[in-house]
Amino acid sequence: MPTETSTRFSSGYGVCEITLNRPSKLNALNLNMIRCLHGALDQLDAKAGKVGCLIMSGAGGKAFCAGGDVQMIREEGLAGGSLPADFFYEEYGVMFRLATLLERTGCCQVSLCDGITMGGGVGLSTHGPFRIVTEKTRFAMPEMAIGLFPDVGATYLLSRLKAGGNVGRFMAMTGTTLAAWDALRAGVGTHFVPSSRIPKLRVALGSRFKAKLIGEDALRLCEDTIREVAASAEPSGADCLLIDENIEVIERCFSAPSVEEIIARLKTDGSDFAVVTLQKMFQSCSPTSCKVALRAMHEAAQMMEYRLSQRFTTRPQPLSDFFEGIRAVLVEKDRRQNWKPSWDALDEITDEKVAFFFSPLEPEHTRGELPVNDLWDFSESRRAPFPEVQLKAKL
């Protein structure tokens, strides 16, 4: 059985390549892959100050990474297993290590988002300085449809978009999918390179980086190389979503301080874009998730997000819509989510109920709070050995 991630260093150790290798599942993350990624980052940490460029990509030609294996998390959450705690704790550890990679080691990450990049794939790719999009890119945080929230550091990312925080709120609360042009305008993508030139980009970076070329020098070399290979190519502007007219609607409506007010403004706006947005939210977005996401966009921190992941993936309705969302989207696939509370009962999702999602974890929680006080907290020398996962679901 082939490994689900592969790690390769260039001959001079100037470049490290990590490839997600689960193409039959669109490179969706499972716990084994997450632990393999920790192993790959351990190797990179061991060469701190020597490796200047990390190239991360997905195998198979269709996806960078389509998210996480959330169906298994649902089954174990229902059965009381440890996977919801173990998966998210260790996944957030990977995201933290990638987000601090440049500061910690001088190595800059180049993510090749040449295909579907959603959920966990967003977390793996967007906290580094270079996010390459192609004509095949499909970018989204679609967690509202499964009763979750924009995780993997997305509340931080989306609240600080180049296009503005209100565009981030719109993306978080609707799960809208963006192609390359929109990804660049929003700021989740940094550069466009045609898919056919991605192999050339790999070769160029691999040949130009020498050992110990790190930090600011590495950033400049990556920027120059990407621009040279892209050769001023531009993505198609057909069927763009984030045009000026639609951004004006987003600014009017998603600047509201509450979900109730956002809905009210969409209803009174009158534009076609507002009507479609409202319809999408009512049809496929969890109102509980929307309320939590809106507050999370203000607080945006990895420790906070880890707490949210535990509240969402271990509690049944009406406390969380996660079990129902996964049932509707991935298990029975009827896409008929029965949210509780529903959109007609928004007042039942009180500020107190939302606040509990953000509260400290219980002392008896199996993994405890996420340690993110030191850049090296998740390094091989600091972290505890990975525990044996307690699986209880009968699949």
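What share of the contacts in the protein chain with a separation of 6 or more comes from residues 24 or more positions apart?

1. That share is 73%. Please keep in mind throughout that this is a predicted model.

2. On overall form, the protein chain holds 17 helices and nine strands. Its radius of gyration is 21 Å, close to the 21 Å that the globule rule gives for 395 residues, so the chain is as compact as a globular protein of that length. The C-alpha trace spans about 60 × 50 × 35 Å along its principal axes.

3. Turning to burial and surface, 58% of the 395 residues are buried. The chain exposes about 16,400 Å², and 51% of that comes from carbon and sulfur atoms.

4. The largest nonpolar core has 100 residues, with Leu124 and Met171 making the most contacts inside it. Helix H3 (residues 83-99) gives this core its largest share, ten residues. Another core, of 21 residues, lies apart from it and includes Ile132, Val193, Ala218 and Leu219.

5. Met171 deserves a look of its own. Not counting residues up to four places away in sequence, Met171 touches Phe139, Met141, Leu158, Leu161, Thr176, Leu178, Ala186 and Val188.

6. Thr313 counts as buried because its relative accessibility is 0%. A polar atom of its side chain lies 2.7 Å from the backbone oxygen of Ser309. Leaving aside neighbours within four places in sequence, Thr313 is in contact with Ile73, Gly77, Pro84, Phe88, Leu148, Phe322 and Phe323.

Key. Residues are numbered from 1 along each chain as its sequence is written. This is a predicted model: local features need pLDDT of at least 70, side-chain atom pairs count only at pLDDT 80 or more; totals for chains, interfaces and linings use all residues. Side-chain values use heavy atoms; hydrogens and water are left out. Buried means under 20% relative accessible area, exposed over 50%, partly exposed in between (1.4 Å probe, protein chains only). A polar contact is a pair of N or O atoms within 3.5 Å; within protein, one must be able to donate a hydrogen and the other to accept it, and residues adjacent in sequence count only if both atoms are side-chain atoms. Contact means heavy atoms within 4.5 Å. A nonpolar core is a set of buried Ala, Val, Leu, Ile, Met, Phe, Trp, Tyr and Cys residues joined through side-chain atoms within 4.5 Å. Helices (H or I, at least four residues) and strands (E, at least two) are DSSP runs, numbered from the N terminus. The radius of gyration is taken over C-alpha atoms; the globule rule is 2.2 Å times the number of residues to the power 0.38. Accessible areas come from the Shrake-Rupley method with a 1.4 Å probe; for residues, only the protein chains shown count as cover.
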